[in-house]
Amino acid sequence: LSDLLPAGAGGKQVNFVASGTLASGQTVALKSNGQVAAVSATGIPAAIGAEEVFNSAVTASQRITMLTSTKAIVVYQDTGNSSYGTACILDVSGSTITAGTEVVFESASSNYFTVVSFTETQALVVYGDTGNSGIGTYCLLTISGSTITAATPVAFMAGSIGYPDSAKFSATQAIVTYMDGGNSSTYAASLFTLSGTSISVGTAFQFDAVTGWLSSVSKLTATQAIVAYRGGSNYGTSVVLTISGTSFTKGTSVVFNSAATNALGSDTLTATQAIVAFRNSGNSYYGTSCVLNVSGTTVTAGSVVVFETANAEHIGLSALTSSRAVVAYADAGNSGKGTYCILDVSGSTVTAGTPIVYNPTVGESLANSTAALTTSAFLVAYGDTGNSSYGTSIFIQTEGSNSADFIG
């Protein structure tokens with residue numbers, strides 16, 4: 001109390017330092033570290049960094065994942081280099097991203113990428129080798145600083161692969177879901193196990209016999225994952241997969257959206273809850289979200305909530321905390337501009353914040369892929385059609401007035 005201003009006097013003076021850039025007139029609050037930061041219940045960003053181009057050519061199918069809280073890896077198809085499978089490191093300092101040197105991991109046309117980090121120095125990329133009939137292939141990437149060294153690519157299935165997604169179980173194990181072109185193009189999952197610099201792949205497990213289209217997988221526990229996918233009748237569907245050794249069993253598939261579901265993204269909030277975002281053809285292709293609650297192997301879906309009253313395309317989603325996620329997408333109702341929205345979860349209810357444009361250039365932000373750095377910061381990787389569809393990344397910091405870090 002001795003440091004407070006005396007009543008009616010100016011005997012004491014305290015200078016506060018801003019956390020991030022503050023606009024004139026911006027409402028601020030005191031944080032526990034003595035800084036002040038912008039306040040907004042709807043998640044107005046404290047900072048949006050400058051765009052960083054990581055590939056100066058048309059870039060497709062980009063996917064990003066974090067290695068540490070200040071380092072990410074992005075993989076993509078580089079059409080400026082014969083559509084080769086390519087990767088680079090993105091280093092983050094404050095709100096600034098610095099792209100490392102691009103490295104080719106597949107010297108052939110490649111597509112349908114997913115990437116997952118085992119550790120901060122090892123990541124797995126799975127993709128379709130279109131130079132070899134689109135066969136499902138993987139490559140282990142070793143990271144040292146901003147340098148990537150690619151191992152020899154290995155085909156792990158007999159047929160083509162489509163729309164893969166991946167999730168980490170541990171420092172030596174990850175799950176990949178995909179369309180299995182060698183088995184009537186149905187949905188399948190495989191377990192990838194790392195031992196030193198060698199990878200073994202478990203037997204493919206068919207978790208739905210319908211034609212595979214889109215899937216998004218995330219870890220629930222050390223032995224369970226949840227998959228959100230486009231199931232029968234193209235409805236949004238989810239199922240729990242349980243791992244025993246290198247084998248899977250599955251629970252009952254549950255529909256969470258009784259209409260054609262596109263541009264699907266999901267992530268785990270807790271060991272018993274996930275969140276999904278999608279383009280809902282049953283509601284004018286609006287951007288829509290819902291919670292998936294898990295009990296054992298049973299999934300119960302919460303009510304769907306619209307976060308964008310326009311056609312939302314190229315959706316990417318990442319959980320920030322156990323009750324908050326961010327969704328990034330191209331807003332077709334606003335010239336395809338890159339946009340994000342904070343989704344807050346209470347129980348089985350999703351509350352959407354105000355959509356915020358992060359890429360104001362007219363033209364779609366293609367294949368948005370998100371990765372959470374911290375509980376209030378994330379990266380987006382996208383193809384910027386306003387800039388020749390170059391591979392681009394951006395840093396976004398967002399904090400709300402209900403953050404536990406605020407004290408006054």
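I began with rings: those of Phe, Tyr and Trp (its six-membered ring) pair if their centres lie within 6.5 Å, and planes under 30 degrees apart count as stacked, over 60 as edge-to-face and the rest as tilted. I'm working from a predicted model, where local features need pLDDT of at least 70, side-chain atom pairs count only at pLDDT 80 or more, and totals for chains, interfaces and linings use all residues. Residues are numbered from 1 along each chain as its sequence is written, and side-chain values use heavy atoms, with hydrogens and water left out.

**Aromatics.** I found 18 aromatic pairs in the structure. For tyrosine 112 and tyrosine 163 the ring centres are 4.7 Å apart and the planes at 55°, so I logged the pair as tilted. Tyrosine 112 sits in strand β9 (residues 103–119) and tyrosine 163 in strand β13 (residues 154–170), so the pair ties together parts 51 residues apart in sequence. Strands here are DSSP runs (E, at least two residues), numbered from the N terminus. I also noted one aromatic cluster, made of Tyr138, Phe156, Tyr178 and Phe192.

Next I checked β20 (residues 235–244) and β21 (residues 247–250), which run antiparallel and are joined by four bridges; DSSP needs at least two for strands to pair. Serine 244 has serine 247 in β21 as its bridge partner. Two residues lie between the strands of this hairpin, and glycine 245 in the turn has a positive phi of about 70°.

**Confidence.** The protein's average pLDDT (the predictor's confidence in each residue, from 0 to 100) is 90, and 86% of the residues score at least 70.
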